[in-house]
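Open the structure in your viewer and keep the selection tool at hand. This tour goes stop by stop.

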Amino acid sequence: MSALLKIGGLSVRYDSRDVLRALSLEVARGEIVALMGPSGVGKTTALRAVAALQPFDAGRIVVDGFALEPGPVPPESGLTPLRRRVGLVFQGHALFAHLTALDNVTLALRHVLGQTRDAAEALATKLLAALDVGARAHAWPSQLSGGEAQRVAIARALAPDPHLLLMDEPTAALDPTRRSALGATLRGLCDQGRGLLVATHDAEFARAHADRVVLLTA
Amino acid sequence: MRFAGLLLCLLIQGHESPRLFLWGGDAEGGAPFVEADPANPSQVRGFDVEVAERIARGLGGNRTPRFVQVQWSNIDQSVERGDFVLGLSGVEDTPARRARHAVTLPYFEFREVLAVRPEDAPRIHGLADLRGRRVATLGSTIAYDLLLAARDSTGIIPISFDDDVHPYADLVAGRVDAVLLDHIIAQRALRRRGGSGFVILGTPVAVGHYVGVLARADSTLRDSVDAVLREAMRDGTLEQVFRRWSVWDDSQGALFEHVLRTNTVPRAAGPATGTTALAYLPSLARAAVVTLLVSMLSMALAVIVGLTLASGRLYGARWLRLLTTAYIEVIRGTPLLLQLFVIYYGLADVVRLPAFLAAVLALGLNYAAYEAEIYRGALEAVPRVQLEAGRTLGFSEMQILRLVRGPQALRYALAPMTNDFVALLKDSALVSVITVVELTKETAIYATNVGSWVVPGALCAIVYLAMSLPLARLARRLERRWGGRAA
């Protein structure tokens with residue numbers, strides 16, 4: 001399998017404190033990799049560095065041929081290829097509070113990919129239905145349960161059809177049934193050829209659904 | 001102890017001491033009526049000052065006249081309140097005033113004269129020749145009432161000023177086409193301009209008289225004052241006063257003769273008494289529309305400029321951040337009144353803005369500074385993760401501002417914006433200083449004419465509330481609706 005994401009020797013320092021030291025990992029297409037470790041060990045920092053939301057001090061990140069180098073985060077104008085390749089589902093979902101579930105999903109389709117409203121809504125409706133939240137398309141984020149919001153956030157991240165999906169603590173707000181359903185959903189995404197890097201505390205979820213586990217230690 | 005003594009003195013000063021003769025006037029009106037003495041600005045001088053001194057002397061009892069400063073348009077209310085016993089500062093004799101207060105006999109006859117630019121003089125002979133033109137005067141005067149009457153009959157546009165200097169400045173500047181005021185004021189303005197800039201038409205529009213005004217309950221004292229004035233007319237002291245101030249002319253002699261011979265008072269000019277609130281309603285409604293228009297246009301300008309300033313502060317280069325910060329601090333640190341004067345009068349040499357436009361600009365640019373800070377705070381209150389979510393989806397900074405940050409910030413900004421609009425609605429009353437007659441100014445004119453603030457004040461308050469309450473309600477409803485959507 002070809003590596004979709006290659007992280008080599010990634011180090012991040014805050015105020016001369018090492019938050020992440022020499023992390024190296026790979027994620028292949030069709031693979032779910034769980035990034036595990038205690039709180040504060042740098043799981044979220046690693047995801048943020050891959051999504052170019054976070055500068056890093058050493059190492060290299062390559063996403064499907066697009067490389068990020070140490071130093072300040074490049075301007076957005078230079079990150080377009082990366083944005084097309086990587087989707088990020090935030091911990092706590094971070095849905096746009098002023099938009100309905102459907103509009104959260106269509107926003108990038110219309111304003112980044114230039115789709116018409118009809119085309120964007122058709123695709124978003126399909127995505128929401130596939131994630132079992134089609135009936136909640138017109139609900140506001142504040143009206144969604146934790147599990148529903150999580151799935152809408154996945155639909156939003158998937159809308160631009162990224163190859164690599166990053167997920168930060170996706171099971172934090174889910175009950176066991178929902179956790180298992182989410183695992184099945186993620187497996188379905190992998191089967192479509194995507195790679196998934198999932199930061200999680202949830203050893204049981206990782207054991208049940210990840211192909212590999214990368215353990216970060218303090 | 002010393003403080004208590006001072007407080008006692010201040011309290012006592014509010015009542016007439018047996019040895020003091022308190023009289024009120026407006027030194028802002030200036031010479032020859034009442035002005036601060038250039039040699040000793042703590043003292044006043046002018047023919048009205050000398051008339052007051054003559055009255056105090058004539059009343060006996062070793063009374064010492066003491067001047068109390070009061071805004072000209074509030075003399076009637078102050079005399080009824082007991083701030084002083086006699087109001088005397090070019091106070092006009094009107095039927096309304098006679099009906100509500102104890103008014104002395106007239107001691108000076110003035111003519112309402114038109115002043116126009118020299119090039120217009122050959123074709124303007126009276127108000128009838130000024131159809132569709134802007135004619136300025138001092139608000140709450142007989143002249144203003146004459147202009148209001150002429151608005152209906154000849155179609156002139158009356159422009160009300162708060163002082164009697166700027167009408168002539170605006171006449172010379174071309175902002176108004178004529179000024180109607182007392183001949184003394186017109187002649188003084190012409191002298192100050194070295195006799196050029198405008199001409200005074202020979203034929204007066206009307207004739208009026210200056211009187212003293214006392215509280216309604218002081219009619220006995222008024223009779224004594226009348227006796228003193230008659231004596232001063234008879235013994236020539238009043239003529240000497242007027243000659244000293246170069247305002248004596250034949251018409252004063254005729255007035256004195258009439259008063260002494262017939263023992264009657266010439267008919268007062270101006271609107272009749274018994275004007276009901278109903279008669280003022282159309283004017284108040286018109287003024288309310290002006291208030292609403294000024295406020296809405298100013299707020300629209302404030303929102304646009306405020307958004308630009310806030311964006312400059314948040315996203316701009318260092319020089320732009322410094323520039324926008326400087327603008328905000330200068331505007332917030334100086335009075336709106338000053339900004340109004342600077343925009344209307346200060347810039348007149350560069351650009352002669354119409355009063356309405358100047359009012360909208362001054363209010364809009366002033367409130368923009370406050371709006372900018374509201375928007376900056378609101379934009380900064382949008383959680384960072386929302387912006388990052390936008391970034392991961394591939395939005396540019398401008399798209400994030402337009403699609404994510406701006407709409408969410410609006411929710412935070414709505415309540416303070418509504419507060420600002422309600423404050424602006426009330427601050428719009430200030431624009432009357434640059435001749436825009438809005439609701440408060442119209443109410444003041446109404447109150448002066450009817451001699452009471454009770455009904456006009458209540459009506460004015462009702463109209464302001466009618467404008468501001470629905471806004472507050474709308475804002476609350478929007479907040480509730482958007483608040484319900486918040487994550």
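A residue counts as buried when its relative accessible area is under 20%. Keep that cut-off in mind, and remember that this is a predicted model.

**Stop 1: helix H13 of chain B**

Select residues 336–346 of chain B, which form helix H13. Which residues of this helix are buried? They are Leu336(B), Gln339(B), Leu340(B), Ile343(B), Tyr344(B) and Tyr345(B). An α-helix has 3.6 residues a turn, so residues three or four places apart point the same way.

Now show what covers the buried residues of H13(B). The cover includes strand E9 (157–161) and helix H6 (166–173) of chain B. Helix H12 (318–333), helix H14 (355–381) and helix H16 (397–427) of chain B are also part of the cover.

Next, pick Leu338(B), again in helix H13 of chain B.

**Stop 2: a charge without a partner**

Move to helix H16 of chain B and select Asp420(B). Asp420(B) is buried, yet has no salt bridge. Where is the nearest side chain of opposite charge? It belongs to Arg332(B), 9.2 Å away. Now show the contacts of Asp420(B), leaving aside neighbours within four places in sequence. They are Met299(B), Tyr367(B), Tyr370(B), Glu371(B) and Ile374(B).

**Stop 3**

Select Arg117(B). Its side chain meets that of Asp120(B) in a salt bridge, 3.7 Å from N to O. Arg117(B) counts as buried because its relative accessibility is 12%. Asp120(B) is buried too, with a relative accessible area of 4%.

Arg117(B) also forms a salt bridge with Asp177(B), where the closest N and O atoms are 3.1 Å apart. This pair links distant parts of the chain, 60 residues apart. Arg117(B) sits in the loop between strand E7 (108–116) and strand E8 (134–138) of chain B. Asp177(B) sits in the loop between H6 and strand E10 (178–182) of chain B. Both Arg117(B) and Asp177(B) are buried.

Salt bridges link Arg117(B), Glu119(B), Asp120(B), Arg123(B), Arg133(B) and Asp177(B).

**Stop 3: the arginines of helix H18**

Go to helix H18 of chain B, residues 454–485, and pick Arg473(B). Arg473(B) is exposed, because its relative accessible area is 55% and the exposed class begins over 50%. With Arg473(B), they gather in a patch of positive charge on the surface.

**Stop 4: all of chain B**

Zoom out. Chain B has 18 helices and 13 strands. Of its 487 residues, 50% are buried. How much accessible surface does chain B have? The total is about 22,200 Å², with 60% belonging to carbon and sulfur atoms. Among contacts in chain B with a separation of 6 or more, 75% join residues 24 or more positions apart.

**Stop 5: across to chain A**

Switch to chain A. Here there are seven helices and nine strands. The chain has 218 residues, and 54% of them are buried. Chain A exposes about 9,100 Å², and carbon and sulfur atoms supply 51% of that area. For contacts in chain A between residues at least 6 apart in sequence, 67% join residues at least 24 apart.

Select Arg83(A) and Glu76(A). They form a salt bridge, with the closest N and O atoms 2.9 Å apart. Both Arg83(A) and Glu76(A) are buried.

Then find Asp57(A), in the loop between helix H1 (43–50) and strand E4 (58–63) of chain A. Asp57(A) is partly exposed, with a relative accessible area of 40%. Asp57(A) and Arg13(A) are 44 residues apart in sequence, and 6.7 Å apart in space from C-alpha to C-alpha. Not counting residues up to four places away in sequence, Asp57(A) touches Ser11(A), Val12(A), Arg13(A) and Pro70(A).

**Last stop: every salt bridge**

Finally, show both ends of each salt bridge. How many are there over all chains? The count comes to 40.

How values were computed. Residues numbered from 1 in each chain as written. Chains lettered and ligands numbered in written order. Predicted model: local features only at pLDDT ≥ 70, side-chain atom pairs only at ≥ 80, totals over all residues. Heavy atoms only, no water. Patch = residues over 30% accessible without salt bridge, like charges linked within 9 Å, V, L, I, M, F, W, Y side chains within 5 Å. Areas by Shrake-Rupley, 256 points an atom, 1.4 Å probe, with all protein chains shown as cover. Salt bridge = Lys/Arg side-chain N within 4 Å of Asp/Glu carboxyl O. Lys, Arg positive; Asp, Glu negative; His and termini not counted. Charge placed at Lys NZ, Arg CZ, Asp CG, Glu CD. Helix = DSSP H or I, 4+ residues; strand = E, 2+ residues; numbered from the N terminus. Buried < 20%, exposed > 50% of the residue type's maximum accessible area, 1.4 Å probe, protein only. Contact = heavy atoms within 4.5 Å.
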